Amino acid sequence: MSNREFVDLRSDTVTLPTEEMLEAIRHAKLGDDVYGEDPTVNELEALAAERMGKEAAVLVPSGTMANLVSLMSNTKRGDLVILESEAHMYWYEVGGISAVAGLLPWPVKSKFGALNPADVETVIRPKNVHFPEPALVCVENTHNRHGGTVVSPQQLREIGEVAGSHGLRFYMDGARIFNAAVSLGVDVKEFTKHVDNLMFCLSKGLSCPVGSLVVGSCDFVERARKNRKVLGGGMRQAGIIAAAGIVALETMVDRLADDHCNARFLAEGCAKIDGLGIDLARVQTDMVILDILGLGVEDAMFTSALKAKGVLAGAIGKGKVRFVTHRGIERKHVKHALRAIEEVVSELSSR
Ligand SMILES: Cc1ncc(COP(=O)(O)O)c(C=O)c1O
């Protein structure tokens with residue numbers, strides 16, 4: 001079976017470009033972006049900066065490179081970076097924060113993904129010959145491993161105040177920042193105005209095939225452009241990526257609300273199934289995380305049983321299985337997934 005025949009709820013990264021994106025790619029005006037001469041890239045970068053209320057933006061191939069470039073552009077080697085202990089940068093980016101950027105990540109636990117400002121204050125130590133220089137506080141919004149939870153503008157303001165009062169920069173991995181904005185029904189600038197700089201992804205719920213943007217002040221973006229080049233991320237006729245990105249920013253943001261409704265429907269259905277654990281308070285955007293520890297099986301066994309019923313989900317460890325809704329997943333697919341989950345739970349419970 002190809003993935004097209006499954007209800008694929010592993011991630012919103014599996015979304016395919018829309019017809020309008022493919023058309024825009026076909027007709028994009030192109031140039032050499034390393035020379036700054038790709039008009040479509042320039043247009044996307046200007047649009048991204050404007051949407052985020054910042055001075056400038058630079059297009060990079062992936063969210064992982066966006067985070068790495070941003071870390072490198074906000075710090076110097078040997079600095080200390082405070083981040084949430086379940087952060088994508090800490091878990092899933094191959095240790096690039098240390099291996100490439102040369103930084104010491106300092107993980108801080110939180111309940112729902114938003115760092116507690118008092119905890120941030122505690123880990124910022126005074127200058128001392130023994131300590132690395134603290135340089136940066138990072139947040140992730142929405143927070144992936146916490147289940148797509150939103151770090152609110154108010155929480156960002158409070159964390160940012162602590163960072164700023166100690167002279168630290170404040171960065172947001174906003175891979176899914178539009179999900180956060182749509183969830184609270186506010187303009188994305190309500191979030192971005194509290195951070196010095198951020199990245200967001202085009203290739204998740206916004207359905208683009210590839211691309212992320214690093215956004216901030218002109219100085220920061222100039223450094224980011226150079227660090228992108230160091231990492232080999234300078235692209236030539238990148239307008240073929242940017243063309244889809246422009247369509248995404250103009251047409252794909254509001255529909256994220258449908259994904260959130262579908263995730264809620266799935267979560268409420270799962271909450272009625274005996275044997276599953278689910279924290280409905282965490283279901284704020286497009287993700288649903290089930291706790292299957294009560295079934296006494298490995299997550300991989302659960303996801304294989306689901307796959308046999310035509311549903312793909314992600315095993316994320318410690319008895320947790322993740323489902324993500326996105327464009328292409330309609331209510332009928334969510335109902336199919338719910339039925340499959342119910343059957344799998346019943347089969348595994350009666351073993
Ligand atoms: C919060 C977060 N940040 C960064 C990334 C990395 O993005 P990419 O897969 O484009 O490298 C992801 C990917 O899922 C993510 O969820």
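The backbone oxygen of Asp-259 lies 2.7 Å from a polar atom of the side chain of Thr-325. The model is a predicted one. Thr-325 sits in the loop that runs between strand 13 and helix 14 (331-349). With a relative accessible area of 1%, Thr-325 is buried. Not counting residues up to four places away in sequence, Thr-325 touches Leu-9, Asp-12, Asp-259, His-260, Asn-262, Ala-263 and Asp-286. Thr-325 and Leu-256 are 69 residues apart in sequence, while their C-alpha atoms are 9.3 Å apart in space.

Gly-314 has Arg-322 in strand 13 as its bridge partner.

**Salt bridges**

Side chains of opposite charge can pair when their charged atoms come close. Across the whole structure, a search finds 18 salt bridges. One of the pairs involves Asp-12, already named as a contact of Thr-325: the side chains of Asp-12 and Arg-176 meet in a salt bridge, at 2.7 Å from N to O. Arg-176 lies in the loop between strand 6 (169-173) and helix 8 (177-184), and Asp-12 in the loop between strand 1 (7-8) and helix 1 (19-27), so the pair ties together parts that are 164 residues apart in sequence. Both partners count as buried, Arg-176 at 6% relative accessibility and Asp-12 at 0%.

Two further pairs are listed with this one.

| Salt bridge | Closest N and O atoms |
|---|---|
| Lys-127 and Glu-133 | 3.0 Å |
| Lys-189 and Asp-187 | 3.8 Å |

In the pair of Lys-127 and Glu-133, Lys-127 is exposed, with a relative accessible area of 72%, whereas Glu-133 is partly exposed at 35%. In the pair of Asp-187 and Lys-189, Asp-187 counts as partly exposed at 44% relative accessibility, and Lys-189 counts as partly exposed at 31%. Elsewhere, salt bridges that share partners join Lys-309, Glu-343 and Glu-347 into one network.

Glu-140 is in strand 5 (residues 134-140). Which side chain of opposite charge is nearest to Glu-140, and how far away is it? It is Arg-176, at 6.0 Å. A salt bridge needs a side-chain nitrogen of Lys or Arg within 4 Å of a carboxyl oxygen of Asp or Glu, and Glu-140, although buried, has no salt bridge.

The side chain of Glu-140 does have polar contacts with backbone nitrogens. A polar atom of this side chain lies 2.6 Å from the backbone nitrogen of His-88, and the side chain of Glu-140 also reaches the backbone nitrogen of Asn-144, at 2.9 Å. Not counting residues up to four places away in sequence, the residues that Glu-140 touches are Ala-87, His-88, Met-89, Arg-145, Val-151 and Asp-173.

Key: Residues numbered from 1 in each chain as written. Predicted model: local features only at pLDDT ≥ 70, side-chain atom pairs only at ≥ 80, totals over all residues. Heavy atoms only, no water. Helix = DSSP H or I, 4+ residues; strand = E, 2+ residues; numbered from the N terminus. Buried < 20%, exposed > 50% of the residue type's maximum accessible area, 1.4 Å probe, protein only. Lys, Arg positive; Asp, Glu negative; His and termini not counted. Polar contact = N/O pair within 3.5 Å; in protein donor to acceptor, adjacent residues only side chain to side chain. Contact = heavy atoms within 4.5 Å. Pairing = 2+ DSSP bridges.
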